[in-house]
Amino acid sequence: MSFSSSVIAFDVVNESELFPKVAQGHHGNNDDSCHGVSSEQLKINDQATIYGTGGAALNYCSSNHDNGLLITSCDDNKGGLRQCTITGKDIRGLKLFGNNDFLPSNGSGGSYSQEHCRNQQLTIGGSWKNQFQTVSIYSTCTVTLSANYNQYRFKKLELGKGATLILPQGDYWVESFILNQGAKVILQGNVRIFIEQKFELTGAKFNENNTASALIIGYSDIELHPDSVLNGLVYSDKKLTLNKNAIINGRVTSNSLEMNDISRINDKTPGLQVHHFEFDYSASPLTCKAETMAVRACANADCSQLFTAPVTAQLSMNPNKNGAWFVNGVNSNLLTFNNGIATAALRYNVVTPTVTIGVSSSNPLFGGNTLCRKGSGSLNSASCTLAFAESGFIFDVPDKLANKPTTITISAVRKSNSSLECVPAFSDATKNVGFWSSYITPSSIPADWQQAITIKGTASTSAPIFIAKNESSRTAIPLKFTKGVASVEVNYPDAGKLALNARLDGIGDNEGLVMVGSDQFVSVPAGLCVKPVETHANCSSADKTCNAYRKAGQTFGMTVQAMAWQTDNDSDFCVGNLSTPNYSDSQMTLASKVIAPTLASGADNGKLGVTSYDHSAQRNNLNTINNQSISEVGVFQIAATAKKNYLGSATHLNIPTAHSSNLGRFVPDHFRVSDTSVTPACGNFSYMDQPFPMAMKISAQNVAGEVTKNYFPPFSFATATLVAENNNNGIDLLSRLSALPVNSSSWAQGEAVVGVSHQANVSRMPPNVSANVYQDGPFEFLDIGVQVQDNDPYPNKIYSYVADADMDAASVGICTNCNAKKISNQTLRHGRVVMDNTYGPENVILAMPVRAEYWNGNDWAINTADNCTTAVYDLASQLDAPNLGYKFSPALVTGQSVRRSGVDKFQAGQLQLLWQTFAASGTPYRGQVTAPLDVPTWLEWYWNWDGTMATQLSEPRASAYFGSYRGSDKIIYWREVN
């Protein structure tokens, strides 16, 4: 054990010097061995024992060797016991003065009692006080000392009646320390406890679970009274006394040691240990046969947990004569446990004296008292003393399935006159044998649940007889014995562990003869019935045509019921079988199994919301789980698996895993739109009809927001569409938005992905010719959202929705019944390209202005934000081409040509085309050239060049006039001079 230097307020204790062996005496802090020691420094009375001596002598000056020291007082390091021996010398004790003077409390923190407990909790030391008067708690209250301090002082600490004291690591100075019945001290770190006055424990547990190291230094006596357990190193400057069944697990050093009754000291350090051992045997052990016993290595006080690590134990019997232990049919007292369970047999050949059984030592060590159960009685120490009889009934009721009859033989035997073997007590005869049953597990059953064992004797042709439940009203059944053996049919319809008891009271010549027998058996449910609470949860077709039942992750109710045997090879325990009300299982496990879609198609079994529960005994054993859920989509079965080897029964009786009917259909709770990306096509805006990149992921999810991976064909139905409105005006532009590539076949593992290559667009409004309206917009604040349509063909009023919906394109302002998820805010403009005519001499380059315009709501304006539009400026024809929009007036003659050039990208919404004529010979071209400009379709417009295409888009056109000049606003007169 180690502490930080800040903790130390007492000289460092060299534990290896102070506790060299499991137990030793000391003569105080001086150099004279055995100085001032009484005549019996080590006094072990009755059946008290010290374990861990390793067969070596202990450091004591004297003992009661000639005054009651038994030959079982110490272990012999060979699995047995011996009489303790001593060296005749003790060791030097601690210096308990100077630096090691006891440090009293100044009491500044006041006192506490059970009245200070709130909700059975009390924390001390949190208010920056660490020195107290009295802490006296006699109630079910947990007192926790704050970790604010590593040293505490008390004038008096007194606990009992269920009080628990929790100590963090540190030093504790207590003037008076008393732990009474039901008190517990739990350590959350290594502690040193210094006690000025007598330290007393009565029915208390100190560091019972051995979670940390404890060093206890008593300046006076230390006494442990009945039912007390202390784990740690114990030093008493005076006398250490253990009474009754008190136990110290650790090492002790004291001026003198006295041990009485069956008290025990075990050499043990913190770590893995067996809590205690338990024996079960029949109610009627016989001298003519070995008594078989079930033995358990327990990990906790009530043995609800077995010590499943490897364990070996040395079995004891007192007196150690008149019989022997047998393990696997071999004379041996060494017992090996498998998962905390073992079987041994005790052969005891005499009626008197009685024999006391137990465990003398084990590896790993054990800390608690051995407990025994006789027949269906209670577990206690007294039952570890057995009385054997010389005659009785021998029978074996095998572990069985509930409600399935089994035939057994009952042998009436007595001890042979010439040997130790059993012989028939009588030959051919019919005897009225009284039978009754005893409940063992569960031990207490409501009266209206109780069911009786039935017995059908071979001497009777009547139906099976219900036998009594206690000895005083036992049921007499005539049995025909042949050579001392009779057969009967035994049945029990419920689950549990029971004892079948038999008694024969002699009459006539046999008056005064009493023969008894008993055997325990386990009745195991044959199977489980797993059902939904609601019948419409059943999906018999196990496909997508079933109505939706629940959303994935939404709770529903299910039941599990343990059922009795009805027939061999039973395939449905939900029909016709009796229930087993007494069955319970603290570790019933549940799992989901996907039926559709199939595992082969990539489906997932999903996870249940409740994967285990405590299956309790019920009037009809119907246990309801109201908060069950399945995380996935599809059709499922729920499997229930009971804990194996019910009450220790054989493996072949294990309850088979049961499956429910097909349950479903389970559907997504919602659809989540994520990983969205919307990029304007042209800087910070897009033109109507212009494609712009859009990407997203839509996930089908359960209530918890997990992707439902089973949402794929044929269990996927959802589609997605885009919606839009400008500036929350409530005008839904759904009809003008391009389609999203999300349909029922798009889903894979619960996700539909719109990739980065997808291009979306918002179309221009169709022209209204009669109203002469050809334009709309602009949409400077266009909210674009996604709607997901469930499309479930069998919804059963269960619909999946878009998660975190924050948009309704058809409502003005902030939506209240939102039905879409907004993914972006964009600027969309209705655009066109406009070209101006140009004029000039045929021998100069003519400049033609071109501009990209958009409708600003009132008029057409140059779109100065356009720095991305490109156009093809080359002329595609040198001849008239009306269908393309080309017109040469007059036509070009041989050797003449017209070219158009310029930059191909608009800057601030404008560019300039350059026109030029060429002549291989003769004069350059003079005339009008009309030509279109090849622009993107979204910048074409309703130019209606021929007056017949008012609703069709076409390219912009303009004319270049060579040989003429339109004039300049700054020149009044222009004359051409040849």
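## Glu 842 and Arg 926

At 16% relative accessibility, Glu 842 is buried, because the cut-off for buried is under 20%. Its salt-bridge partner is Arg 926, with N and O 3.0 Å apart. Arg 926 counts as partly exposed, at 42% relative accessibility. This is a predicted model.

Glu 842 lies between β62 (838–840) and β63 (846–855), and Arg 926 between β67 (910–919) and β68 (927–932), so the bridge ties together parts 84 residues apart in sequence.

## The network around Glu 278

Across the structure there are 34 salt bridges. Some share partners: Glu 278, Asp 280, Arg 296, Arg 373 and Lys 497 are joined into one network.

## Asp 776 and Arg 736

Asp 776 and Arg 736 form another salt bridge, with their closest N and O atoms 2.5 Å apart. Asp 776 belongs to the loop between β57 (759–760) and β58 (779–789), Arg 736 to the loop between β55 (719–726) and β56 (751–754), so this pair ties together parts 40 residues apart in sequence.

Asp 776 is buried, with a relative accessible area of 13%. Arg 736 is buried too, at 10%.

Key. Residues are numbered from 1 along each chain as its sequence is written. This is a predicted model: local features need pLDDT of at least 70, side-chain atom pairs count only at pLDDT 80 or more; totals for chains, interfaces and linings use all residues. Side-chain values use heavy atoms; hydrogens and water are left out. A salt bridge is a side-chain nitrogen of Lys or Arg within 4 Å of a carboxyl oxygen of Asp or Glu. Helices (H or I, at least four residues) and strands (E, at least two) are DSSP runs, numbered from the N terminus. Buried means under 20% relative accessible area, exposed over 50%, partly exposed in between (1.4 Å probe, protein chains only).
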